[in-house]
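Welcome! Please take a look at the sequence and the model before reading on.

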Amino acid sequence: NKRDIEAFLKPYADSVVVYFFPNQFLYKGKEKMRQEYTPMFANTPDLYCTLKNRIVLGNRVIDEESVAFDKNRPPLRAAAIYTIAQGKIVSVHFISQ
């Protein structure tokens, strides 16, 4: 929520792979993630994410989130499934309504 791209990217592995659930490949790599998120952080002043629920199962973390992009519209309900290896996020699967 601070829009600090370096802090946002810190938990991700350099080779992180990002999917839209269940297996639609979106992109690979922390640098590509930087290219995706930097403009969104800069151009979406109302962007705000609220963690609603978290489940930890082994090396997977499942977050339920409410993501507001525009204060005049209802937030998006979403989930992210993170796979962790050696202390870093190595893959993400996003789900949204």
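**The chain as a whole**

Please keep in mind that this is a predicted model. The protein chain holds two helices and six strands. Going along the sequence, these elements come in the pattern α-β-β-α-β-β-β-β. The radius of gyration is 13 Å, close to the 13 Å that the globule rule gives for 97 residues, so the chain is as compact as a globular protein of that length. Along the principal axes, the C-alpha atoms fill a box of roughly 40 × 25 × 25 Å.

Of the 97 residues, 33% are buried. The accessible surface comes to about 6,500 Å², and carbon and sulfur atoms account for 54% of that area. Among contacts between residues at least 6 apart in sequence, 35% join residues at least 24 apart. As for charges, the chain has 14 positive and 10 negative ones, and their mean positions are 2 Å apart.

In soluble globular proteins, nonpolar side chains tend to be buried together. Here, the largest nonpolar core has 17 residues, and Tyr12, Met33, Tyr37, Tyr82 and Val92 touch the most other members. Two or more core residues come from each of these elements: helix H1 (5–9), strand E1 (12–20), helix H2 (30–43), strand E4 (60–68), strand E5 (76–85) and strand E6 (88–96).

What does Met33 touch, leaving aside its neighbours within four places in sequence? Met33 is in contact with Phe8, Leu9, Tyr12, Val18 and Tyr27.

| Residue | Relative accessible area | Class |
|---|---|---|
| Ser66 | 16% | buried |
| Ile62 | 29% | partly exposed |

Ser66 counts as buried because its relative accessibility is 16%, under the 20% cut-off. Not counting residues up to four places away in sequence, Ser66 touches Tyr48, Cys49, Thr50, Lys52, Pro75 and Leu76.

Ile62, leaving aside its neighbours within four places in sequence, is in contact with Asn53, Arg54, Ile55, Leu57, Ala80 and Ile81. The C-alpha atoms of Ile62 and Ala79 are separated by 6.9 Å, and these two residues are 17 residues apart along the chain.

Conventions
Residues numbered from 1 in each chain as written. Predicted model: local features only at pLDDT ≥ 70, side-chain atom pairs only at ≥ 80, totals over all residues. Heavy atoms only, no water. Helix = DSSP H or I, 4+ residues; strand = E, 2+ residues; numbered from the N terminus. Rg over C-alpha atoms; globule rule 2.2 N^0.38 Å. Buried < 20%, exposed > 50% of the residue type's maximum accessible area, 1.4 Å probe, protein only. Contact = heavy atoms within 4.5 Å. Areas by Shrake-Rupley, 256 points an atom, 1.4 Å probe, with all protein chains shown as cover. Lys, Arg positive; Asp, Glu negative; His and termini not counted. Charge placed at Lys NZ, Arg CZ, Asp CG, Glu CD. Core = buried A, V, L, I, M, F, W, Y, C linked by side-chain atoms within 4.5 Å.
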